[in-house]
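Welcome! Please take a moment to look at the sequence and the 3D view before reading on.

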Amino acid sequence: MRDILSDLNKEQLVAVEATEGPVMVIAGAGSGKTRVLTYRIANLMRKGIDPFNILSLTFTNKAAREMKDRVMQLIGDREGRNVWMGTFHSIFAKILRIEGKHLGYPSNFTIYDSDDSKRLIRSILSEKNLDTKVYSPSYVASRISMAKSSLVSPRAYADNPEIIAADESARKPEIKNIYNTYQNRLRRADAMDFDDLLFNTYLLFSNFAEVLLKYQRKFKYIMVDEYQDTNHAQYLILKKLAANTENICVVGDDAQSIYGFRGANISNMLNFKHDYSDYHLFKLEQNYRSTKNIVEAANHVISYNKDQIKKKVWTGNDQGSLLGFIHATSDNEEGKMVADSVFELKMNNQLPNSDFAILYRTNAQSRSMEEGLRGKNIPYKIYGGTSFYNRKEIKDLLAYFRLVINHNDEDSLQRSINTPARGIGKTTMEKIVVAADEHDVNMWEVITNLAKYGVNLNSGTTAKLMNFSTMIKSFAAEMKKKEAYDLARHIAISSGLLKMFRDEDTPEAVSRVENIEELLNGIKQFSEKGAEENEGDLELQGTLEEFMQDIALLTNQDNEDEEDKDKVTLMTIHSAKGLEFPYVYVVGLEENLFPSIQSISTRTELEEERRLFYVAITRAEKHLTLCYAESRFRWGQFTITEPSRFLDEIDESLIDRPKKVSMGAKDLFGSSTKTKVPKRNLKSINTSSSDPSFESSDTGGLQTGMKVEHPKFGKGKVMAVEGNGPNKKATVFFNGVGQKSLLLRFAKLKIIV
DNA sequence: TCCGATCTATTTTTT
DNA sequence: ATAGATCGGA
């Protein structure tokens, strides 16, 4: 620990040593940002600061874990574990479990993930008889989420003329009411969604001065990673927490801001100098990670963005080899070619699998990569995607756990009450929901006091409900006595859930049973670990409640323990941020995929996509390969693609591209013997050809999401509408044909819905 | 109330 | 492709 400071370059060193007062570090990709943060923590402790007084915030679990590991390496586990290090959400959840009572929440509140939120929104929509085509749950969810991350309460939402006008012009005036009901429902269930973890922390700190003071005293030194990704709520919370000592150090890179879609606001970086006039600014511009070619490619790409803080990222590293380029005819071939390339590099240079990463824009792209790698027997691991905790059987079992911990959790109640079937059907549940709404109490309250709330049910049903609540209560009683694993297994068996899947006797059900076993094993490990650490410490360790708190914020597979060491990494670019790999493949560089179709209509969104591409490029240390496939299965359909505009933004001289440039659909059809075009798609192209009786509609009011029919392309869905007047264009996804951009002036479109 | 067959929306990215 | 929603029959 003595000479840790000698590991740093001059700029890093000053940033590490400026421990007092506000500090902002603008750190280019690969410039040792995490290093600065971890060494800062070590340095603080070296100077005698109590680790309990240090707070370090990150965005992803992976980044948090990485930071923890590195800090532990520097200063040892014993002291290291006392630093409050974690994601914003997990740290604030921890605080809210302790202080939530001030806001009227019990400490065992349930955290709803985005799935749970959407399900709740769905059920509110159906109660309010709103059309889910107009009020698409994900749209409503994102409106609500945006409001919350800007600290706009349901009340403030309804009172804000601009928001209301926006909703009205989008013909969705009900959103304010949905938001209000949604928030009441969460409250009634003693549940918080992800945004509430921030919003409520903000409320806590602004309304309870003594609580704020307690945490201001506690967190004398605050560090924030990826500051460019903070949203308004996070910004204000930080401002409050740091108000006393102003010992706040934020590290960020505007060029890597990729979370605008969830409310991140780069202006938080720009505002820093206004909030803390005596701040110190440090810039880290030397890239230690990548070769000259990679850095140059990245700089070139990002220079296409208008909005950016000027800085010059450079490297003293070798020139390195040219960027690789893979041009495949289909997504499957792309997977094969990437796997071949990995295999070749690995064999020629005797490299471990862990040197390789394959990065993509969307989780769905992992499949063809997996197939390719499996074909070559290359071990891989996937981050994210449909995570373990999102599988149906896991959610089913977790719903029991959650309900046992928090009986008021209505989502879990609805999920578990008739799974496995107990003869408590829709009619019964409807009556309960109605009674709950009428008396503004939650469903558990109604179920356990049927008479009091005037619910009329026959004696058989009453008995069934009674049995269910008795069972849940008995589980809850055992929670205090039993260890997490024992209780979990007991619930899996006594609830009948395990039996239900066993009885099903399909291959699918077998894997569901296996997954349940896996979850139980995970719990076993957890409680054993708890018992180990328990000596002398918290008595709560190792209970099911603790386990649930632990996993509530783990949305992707974060359990890396088992020998996942030497494997190729597959992940989205978003989750790759902050990581680095010697060999990186960026796949699916196609228009409408990357940049994504939803982003190409506005400059800000397109620039965010470009920053995402920048992040992807700068993950690579030694070699970067860019991949493009001429066709791809998307939404279960065969689609013809065009190369991404981003490919043109890298200087040709940096890419090792085969001379022949052949692209586009014509070429593909000419040589389509190689590409498997499913029969039914060919059929649908042929059968839906021009029909003399076809009548086109007035497309003046055409909107995203509408269903249309085209005389030649058949039925499709409008993905985007852009331009005005005679130049108005629509991007339509046609079943079996793929995506088409149509000039409405000419296109004969019939609006179906 | 349950079950199966059929229809339908869904896919951007993360906590 | 796939999970969930919906509907009709048992």
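What follows is a short tour of this model, from its contacts with DNA to its rings, helices and loops. Keep in mind that the model is predicted.

**Beside the DNA**

Let's begin with DNA strand B. Which residues come nearest to it? Of the 34 residues around DNA strand B, the nearest are Lys133, Arg262, Arg361, Gly423 and Gln598. Among the atoms of DNA strand B that come within 4 Å of the protein, sugar and phosphate account for 63%. Sorted by class, the surface near DNA strand B has 21 polar, 8 charged and 5 nonpolar residues.

| Residue | Atom of the residue | Atom of DNA strand B | Distance |
|---|---|---|---|
| Serine 114 | side-chain N or O | base oxygen | 3.2 Å |
| Arginine 262 | polar side-chain atom | base oxygen | 2.6 Å |
| Glycine 423 | polar backbone atom | phosphate oxygen | 2.7 Å |

Helices take part in this surface too: α6 (114–127), α20 (426–439) and α27 (573–576) each supply at least two of its residues. With 3 residues, α20 gives the most.

**Rings and charges**

Now turn to the aromatic side chains. A pair of aromatic rings is described by two things, the distance of the centres and the angle of the planes. The count for this model comes to 17 aromatic pairs. One of them joins tyrosine 105 and phenylalanine 109 edge-to-face, with centres 6.3 Å apart and 70 degrees between the planes. Both tyrosine 105 and phenylalanine 109 are buried. Phenylalanine 272 and tyrosine 279 also form an edge-to-face pair, at 5.8 Å centre to centre and 70 degrees between the planes. Phenylalanine 272 counts as buried because its relative accessibility is 1%, under the 20% cut-off. Elsewhere, Trp84, Phe205, Tyr215 and Phe219 form one aromatic cluster.

Rings can have charged neighbours as well. The charged end of lysine 376 sits over the ring of phenylalanine 343, 4.5 Å from the ring centre. Lysine 524 lies over the face of tyrosine 485, and here the distance to the ring centre is 4.9 Å.

**Inside two helices**

Why is helix α13 (residues 232–242) described as largely enclosed by the rest of the structure? The reason is that 8 of its 11 residues are buried. Among these are Tyr235, Leu236, Ile237 and Leu238. At the start of α13, a side-chain oxygen of asparagine 231 reaches to within 3.1 Å of the backbone nitrogen of alanine 233.

Helix α10 (residues 175–188) holds glutamine 183. Glutamine 183 is buried because its relative accessible area is 15%, which is under 20%. Leaving aside residues up to four places away in sequence, glutamine 183 touches Lys148, Pro154 and Asp196.

Finally, look at some loops. The peptide bond from threonine 419 to proline 420 is cis, with omega near 0 degrees, and proline 420 lies in the loop between α19 (410–416) and α20. Another cis peptide bond joins phenylalanine 594 and proline 595, with omega at about 5 degrees. Proline 595 belongs to the loop between β15 (581–586) and α28 (603–617).

Arginine 171 is not a glycine, yet has a positive phi of about 55 degrees. Its loop runs between α9 (161–169) and α10. Is arginine 171 buried or exposed? Arginine 171 is exposed, because its relative accessible area is 55%, over the 50% cut-off. Glutamine 350 has a positive phi of about 55 degrees too, in the loop between α16 (331–349) and β12 (356–360). At 64% relative accessibility, glutamine 350 also counts as exposed.

Note on methods:
Residues are numbered from 1 along each chain as its sequence is written. Chains are lettered from A and ligands numbered from 1 in the order in which they are written. This is a predicted model: local features need pLDDT of at least 70, side-chain atom pairs count only at pLDDT 80 or more; totals for chains, interfaces and linings use all residues. Side-chain values use heavy atoms; hydrogens and water are left out. Rings of Phe, Tyr and Trp (its six-membered ring) pair if their centres lie within 6.5 Å; planes under 30 degrees apart count as stacked, over 60 as edge-to-face and the rest as tilted. Buried means under 20% relative accessible area, exposed over 50%, partly exposed in between (1.4 Å probe, protein chains only). A charge sits over a ring if NZ of Lys or CZ of Arg is within 6 Å of the ring centre and within 35 degrees of the ring normal. Helices (H or I, at least four residues) and strands (E, at least two) are DSSP runs, numbered from the N terminus. Contact means heavy atoms within 4.5 Å. A polar contact is a pair of N or O atoms within 3.5 Å; within protein, one must be able to donate a hydrogen and the other to accept it, and residues adjacent in sequence count only if both atoms are side-chain atoms. A residue is near a molecule or strand if one of its heavy atoms lies within 4 Å of it. Ala, Val, Leu, Ile, Met, Phe, Trp, Tyr, Cys and Pro count as nonpolar, Asp, Glu, Lys and Arg as charged, and the others, Gly among them, as polar.
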